[in-house]
Amino acid sequence: MPMVVGYFHSEAWEKIVLQLGQTEPAVCHAIAALGALHEFTEDNGMPNRELERKSCHRYSALDQYNRAISALYQRLGSNDPHFRLVTLACCIVFIFFEFLQENYGAALTHLDNGLRILANPRGTTARSSIPRSLYDQDASSLPEDALVRALARLDVQAAHFDSSSNPSLWPAEVHISEIQSKHLELNNIHDAKEKLDPIINNIFRFRTKCDIILRDPSGDHFDLHVEYQNMRLNLSDHMAAFDRFTARFCPRTVKEHRGIDLIRLHHLIMTLLLDTMLSLSEMVYDKYLPQMTKCVYMCERIINNLQAEYGNRPPTVLMDMGVILILSWLAIKCRDFKIRYRALDLLRTWPHREGPNLSTDFFCSCREAIEIEREGIDRAGLLPEASRVRGISTRKLEGRNAILHYTMSDPEKQRLEIRERFFVMDPGPVAKET
């Protein structure tokens, strides 16, 4: 637990799940299953599917997983009001169990089921209300609330997986929560992270909405701009509240310093996303090289901070969103080769998982997208609009083979053509010739 919550403390993981594991057989078996896979991952690195198939840890994990499911089935149909809490706790553990096996479809199914339990099957609208309820400062601190926060955080992280469970830099689903932030006050770093999650979720998913509406001449651009301004206000209010909090807070641990750095990094990258979101041109990112450079070096500082704490063996599995998506986005959108290759190097040199996001997968996909752009450099050494990659997603095939689905930039087109490129997912060094 200390390793998997290396970014921020989690009441759900450090308290609720462990406490339920002492009294509830289903949760106990689920924890044992996850623990076995986690131990194998820490000892052997990730991903290592060949070793995993032969590992006694995997057999033990699957046995415990089946026992957990069996224990849940035995409680089905009971009128025990405690059963809902047990089910949600198992759901969270099952999600990470499937993540570690790269069974993303099963993991996202568990996530959807957990959210459906909380939303009382009322569809997308109800699902959007979950992060909004977390933003309410008057929310109670019952055990279920901690599990709700954990599931909502996972939903933010899963935004970059499409309906086929393929990782993508463009969220496929658009369910945005109505948040009206005004004069927010933050009590601690954990509170700051929880209040930031719904804002990040909205900004991630709003990118897809913007691209769809802006390419449609008949789209309602006025409402889009109103929604956009509301997101800017929410982010600005959180940044101001965080400044007020850090002005009176003195971090005492390495983890607290790391948490502050990570929230400031997310502030900076979300600001960058908003600043460029209303443009259909890839050339717009060239104006933000100083901010992108700062983001890369902040990521490096956070990674160095973890390495210092764990003796050059930072965790391979983390529950929270940290640097993977940020470094991937920078590697794609920053056309300064020195900075984008630095972002790639950071992804490659620390193989790890943050929720569903696996650094080695994003590294390989981004490296391939950069190779596409390198092939489009003109004789003057410049990268024109038409040679820039707009968005990517990756579908794994057998072995190390994969297909990169990508679109090239064209601000005038109403619908971008999705292209395919076969490649091998080998997380080796990248050639850095320009």
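1. Helix α2 (residues 25-44) and α5 have axes that come within 9 Å and cross at roughly 20°. That makes α2 roughly parallel to α5 (angles under 35 degrees count as roughly parallel, over 145 as roughly antiparallel, 65 to 115 as roughly perpendicular and the rest as oblique). Axes here are lines fitted to C-alpha atoms, for helices over the stretch in contact, and angles between N-to-C directions run from 0 to 180 degrees. Helices (H or I, at least four residues) and strands (E, at least two) are DSSP runs, numbered from the N terminus.

2. A word on the basis: this is a predicted model, where local features need pLDDT of at least 70, side-chain atom pairs count only at pLDDT 80 or more, and totals for chains, interfaces and linings use all residues. Residues are numbered from 1 along each chain as its sequence is written, and side-chain values use heavy atoms, with hydrogens and water left out.

3. Which residues of α2 meet α5? On the α2 side they are Ala26, Val27, Ala30, Ile31, Ala33, Leu34, Leu37, His38 and Thr41, and they meet Val86, Ala89, Cys90, Val93, Phe94, Phe96, Phe97 and Leu100 in α5; contact means heavy atoms within 4.5 Å. By class, this contact of α2 with α5 has 15 nonpolar, two polar and no charged residues (Ala, Val, Leu, Ile, Met, Phe, Trp, Tyr, Cys and Pro count as nonpolar, Asp, Glu, Lys and Arg as charged, and the others, Gly among them, as polar). The crossing of α2 and α5 is left-handed, that is, the near helix is turned anticlockwise from the far one by less than a right angle, whereas clockwise would be right-handed.

4. Helix α5 (residues 83-100) also packs with helix α6 (residues 104-119): their axes come within 8 Å and cross at roughly 160°. That makes α5 roughly antiparallel to α6. This crossing, too, is left-handed. From α5, the residues in contact include Leu88, Cys91, Phe94 and Ile95, and among their counterparts in α6 are Ala107, His110, Leu111 and Gly114. The residues of the α5 contact with α6 divide into 11 nonpolar, three polar and two charged.

5. Now the sheet. Three strands form an open sheet in the order β4-β5-β6, with antiparallel pairing; two strands pair if DSSP finds at least two bridges between them. At its edges are β4 (389-396) and β6 (419-424), each pairing on one side only. Neighbouring strands of this sheet are turned by 30° against each other on average, direction ignored. Seven bridges join β4 to the antiparallel strand β5 (residues 401-408), and Arg395 has Ile403 in β5 as its bridge partner.

6. His257 lies in helix α11 (residues 254-276) and counts as partly exposed because its relative accessibility is 40% (buried means under 20% relative accessible area, exposed over 50%, partly exposed in between, with a 1.4 Å probe and protein chains only). His257 and Ile302 are 45 residues apart in sequence and 9.1 Å apart in space, C-alpha to C-alpha. Asn305, in helix α12 (residues 289-309), counts as buried at 17% relative accessibility. Leaving aside neighbours within four places in sequence, Asn305 is in contact with Val254 and Arg258.

7. Finally, the chain as a whole. The protein chain has 15 helices and six strands, and 57% of its 434 residues count as buried.
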